[in-house]
Amino acid sequence: MTDKKVRVRFAPSPTGGLHLGGVRTVLFNYLFAKKHKGDFVLRIEDTDQTRYVEGAEEYILDCLKWCGLEPDESPVAGGQYAPYRQSERKALYREYAERLVMQGHAYYAFDTAEELDKNRKEIPNFQYGQAYRDSLRNSLSLPQHEVDALLDAGTPHVIRIKMPADETISFHDMIRGHVSFETNQVDDKVLLKADGMPTYHLAVVVDDYLMKISHAFRGEEWLPSAPVHLLLWDYLGWKADMPQWAHLPLILKPDGHGKLSKRDGARLGFPVYAMSWFDAKTGELTPGFRELGFLPEAFLNLLATLGWNDGTDQEIFTLDELIEKFSIERVNKAGAKFDFEKAKWFNAEWIKRSDATTLLPHVKTILAEKNINITDDQRLITLIDLIKDRCVLLPDFYQQLGYFFEEPKSYDLASVKPKWNDQKGDFFKEYIEKLANIEAIQPELEEPAFKAFAEEKGMKIGDVMMPFRIMLVGSKFGPHVFDIAASLGKQETINRITKGLVAFSA
RNA sequence: GGCCCGUUCGUCUAGGGGUUAGGACGUUAGAUUUUCAUUCUAGAAACAGGGGUUCGAUUCCCCUACGGGCUACCA
């Protein structure tokens, strides 16, 4: 059992965008699989057709692709244990549910949703289980002939697990250690719904068994239903093959309390989905980390360190490093509040550490969105190196780079005009002539020349440097003025000084 | 309400019976950058409370408080 091949799965239901916590679950599964030379499978849990959303499955696949966490087996990649969509495995589950009924570990229940709702409302602490199952309409409480008659008549019914009395179910969680439950406290969960589809509880056990899953990592919200799953593994006779469990801590709202949700993103102004998700029904577009300008490497990095660390002070990890260093036992037990400021820091750090060639395609995309189409890659690479330390999110590249390709749309006049005078105007007019006579602008030659010229004219360097910058850039930011001028070239520099002169004197 | 899980700076976290309780984000101050950002230096900032166990508990145990999750024919 210990030499069993490592096989893990991510099993989302296709109901909408993929949330931070979901991607982190994928990440931890993926890291564990790759570290142990195992398989990572994607299984689509689409057993609830009322919640099924068109396009959600493709979206999930795209997210995994963007993150670089591609599954070895999936509905589209296929695999030895296909199909990987539970809706396509529907027939399978009934057989196991019936088997459980036969063995006395499950039973048919005929109660309607309305009857149960009524009970839940009227009886405090009502649970379909130990205490009440005898007073409800099921194959445990009804005489056999009546059950047969109901079944023959095609009466809608579900199959429920029969929780045993007075047992303690315990297991070892790879993150939490020993966890235990009293069966008297757990209710008789529905295993097979009236429409013939399994619930999560049945499907997850059957599929994990059939797909030979060795380790099951999922969010902490699943912990309370773990005893149902444990029992099912046992009743179905598969106990020896049961995966090892790990329940991951939740990602919480940065303010207040509770699980992080889609709404929090809108409320607090940051994304919670990996990629933007468009809801065709409501017409609502929920922004994603990708669209906001996160590098996938940074996104993964920040997710990995939310609840995990390697025990050293290292915070920046490549995917390969994560695979090498990851250990599920080092995942924290407590939930973590999401901090968007730190998320941005990770991205800035990744931009700084990435070389310009890697950044190039991203930057070209950003600029293209602003109708700046670059043909000279070499020039762009030089520029990226010049300014990448100033960028936090990818769109910042437009802010920091746009003026190399477009004239300033406006000038920060408030920073120049109050101190602007004819003397400065004359200085620049003469400077244009000086520039006209040189071959090309070389920062290391032209900057000292500029300074010398300013001194010669009896001006303070700072007094002319700032207006010069604003002529070229439009505002008070950016790299060294002469690096900008050099990239712009002599003619364009002269052109911008000329236009600046007009604007400043107006 | 019941059950389960959790609790170290504002946040993410390291640590673990004897430590000046470490790092990071953010924040404050300063230096560098004749801009902005980067970078550098320094600072403020935490073991939820109460009982045990112990020579000694932030660390182990119990209780309380607080937080979170679950309590659907949703996952």
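A surface patch here is made of residues with over 30% relative accessible area and no salt bridge, where like charges are joined within 9 Å. A salt bridge means a side-chain nitrogen of Lys or Arg within 4 Å of a carboxyl oxygen of Asp or Glu. This is a predicted model, in which local features need pLDDT of at least 70 and side-chain atom pairs count only at pLDDT 80 or more. Residues are numbered from 1 along each chain as its sequence is written.

Let's begin with charge. Asp 166, Glu 167, Glu 182 and Asp 234 form a patch of negative charge on the surface. One of these residues, Asp 234, sits in helix α7, residues 226–235, helices being DSSP runs (H or I, at least four residues) and strands likewise (E, at least two). With a relative accessible area of 33%, Asp 234 is partly exposed; buried means under 20%, exposed over 50%, and partly exposed in between (1.4 Å probe, protein chains only).

Now to the backbone. Most residues other than glycine have a negative phi, and most peptide bonds are trans. Against that background, look at Lys 37, whose phi is positive, near 55°. Lys 37 belongs to the loop between α1 (20–35) and β2 (39–42), and its relative accessibility of 69% makes it exposed. Asn 125 also has a positive phi, about 55°, although it is not a glycine. You will find Asn 125 in the loop between α4 (113–122) and α5 (144–152), exposed at 76% relative accessible area.

One more stop is the cis peptide bond joining Ala 82 and Pro 83, with omega about 0°. Pro 83 is in the loop between α2 (56–67) and α3 (90–102).

Definitions and conventions:
Chains lettered and ligands numbered in written order. Heavy atoms only, no water. Patch = residues over 30% accessible without salt bridge, like charges linked within 9 Å, V, L, I, M, F, W, Y side chains within 5 Å. Areas by Shrake-Rupley, 256 points an atom, 1.4 Å probe, with all protein chains shown as cover. Lys, Arg positive; Asp, Glu negative; His and termini not counted. Charge placed at Lys NZ, Arg CZ, Asp CG, Glu CD.
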